[in-house]
Amino acid sequence: MAKKKALVVGALGVIGRRLVQHLEEVGGWDIVGLSRRVPDYPSKAEHISVDLLDRADAEAKLGALGDITHIFYTAFQARPTWAEHDAPNLAMLVNSVEPVAAASKGLEHVQLIEGNKIYGSHLGPFRTPAREEDPPHMLPNFYHTQESWLRDAQKGRAWSWSALRPHTVCGFAVGNPMNISTCIAVYAAISKELGLPLRFPGKRGAYEAVYQVTDSALLARSMVFAATAESARNEVFNITNGDFFRWKNVWPKFAAYFGMELGDVQTIPLTEFMADKAPLWERMVEKYGLMHTPYADIAAWPFADYVFGTDWDVMTDTLKIRMAGFHDYVRSEEMFLELFEEFRARKAIP
């Protein structure tokens, strides 16, 4: 079987980083990673630093990639308002795919990572469990914009596409703070250092609502499946760990793991209350011999406020990808505890 060559766009994020590692583990892949920063983890993958918002830079650096067989697009750039997300995130996708598709005549598949916000999960209660055929919320939504462009770009081409819609991806990545597992771990570590119990900082309704997450390792496996299975050609799939939970049922186990007393719900905006904790964190880094990561790059507190402020059920139907042939699952409670253990082993938290 001919060796495949993957282009991972956004190779230093939680999703891209784990995908690169998975492709190396399974073998049979040559890998090129794209990002603006230099890789912070050991890898055999070739790396290209590129500004995907600069079409000339993208063409100069990607136009020579003549043997890519699979593009995995995991990049994202945040903007202050939802409407402002459209233009830059579409441009990055276009500037990734077009130069490579023109140069790589053997391109087989382009995969796009989306998310449950296409259903309006960030706006308030929505139809649950959400299915892939459900309409998006009132536009704009950059996921819808990207998918629409990809559908049109593929017409008449030999390559196929797929889109995956994970929710709240959890994993390990340095300098990528939009990760709820990291937010929980750092919040717990700081609370413990201050002699506080582990209180749930979000809304009471969020503590009790149904929620879901996606393990980055499981997502990586599903990405390879969707990029290579005939049953996944030109299809969209929801993907999560496959289970649902309520924070009120897992929070006591988090407290036990960190050796803390369990507190009650105390709704505080973490963006505000964690803003002054950088000096404390720096002292903790020295005290416990932790990796020297800037405090601003450790945890995204506005993201944590968003997750812990979601006081409505968040559920998606993942039967479609199972029916297509992907059957992996992960127990979310066990995933969190394993990630906390990895964070400790890597000296990211005490």
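Reply: Start with the pair β4 and β5. Strand β4 (residues 70-73) and strand β5 (residues 109-113) pair in the parallel sense over four bridges. The model is predicted: local features need pLDDT of at least 70, side-chain atom pairs count only at pLDDT 80 or more, and totals for chains, interfaces and linings use all residues. Residues are numbered from 1 along each chain as its sequence is written, and side-chain values use heavy atoms, with hydrogens and water left out.

Me: What makes β3 and β11 edge strands?

Reply: The open sheet has seven strands in the order β3-β2-β1-β4-β5-β6-β11, with parallel pairing. β3 (46-49) and β11 (235-238) each have a single partner strand, so one side of each lacks a neighbour in the sheet. Neighbouring strands here are turned by 15 degrees against each other on average, direction ignored.

Me: Which strands does helix α4 touch?

Reply: Contact means heavy atoms within 4.5 Å. Helix α4 (residues 142-154) touches β4, β5, β6 (160-165) and β11. Its direction makes about 165 degrees with that of β6. Such angles run from 0 to 180 degrees between N-to-C directions; axes are lines fitted to C-alpha atoms, for helices over the stretch in contact. Helix α7 (residues 216-228) lies across β2 (29-35), β4, β5 and β6, at about 145 degrees to β5.

Me: Why is D215 called buried?

Reply: Buried means under 20% relative accessible area, exposed over 50%, partly exposed in between (1.4 Å probe, protein chains only). D215 has 12%, so the residue falls under the 20% limit and is buried. Not counting residues up to four places away in sequence, D215 touches C170, N241, V330 and M335.

Me: How do you know that the buried residues of α10 line one face?

Reply: The buried residues of helix α10 (residues 278-288) are A278, L280, W281, M284 and V285. They fall within an arc of 155 degrees seen down the axis, so they line one face. The arc is that of the directions from the helix axis to the C-beta atoms. On the other side, E282, R283, E286 and K287 are exposed. What covers the buried residues includes α5 (180-193).

Methods:
Two strands pair if DSSP finds at least two bridges between them. Helices (H or I, at least four residues) and strands (E, at least two) are DSSP runs, numbered from the N terminus.
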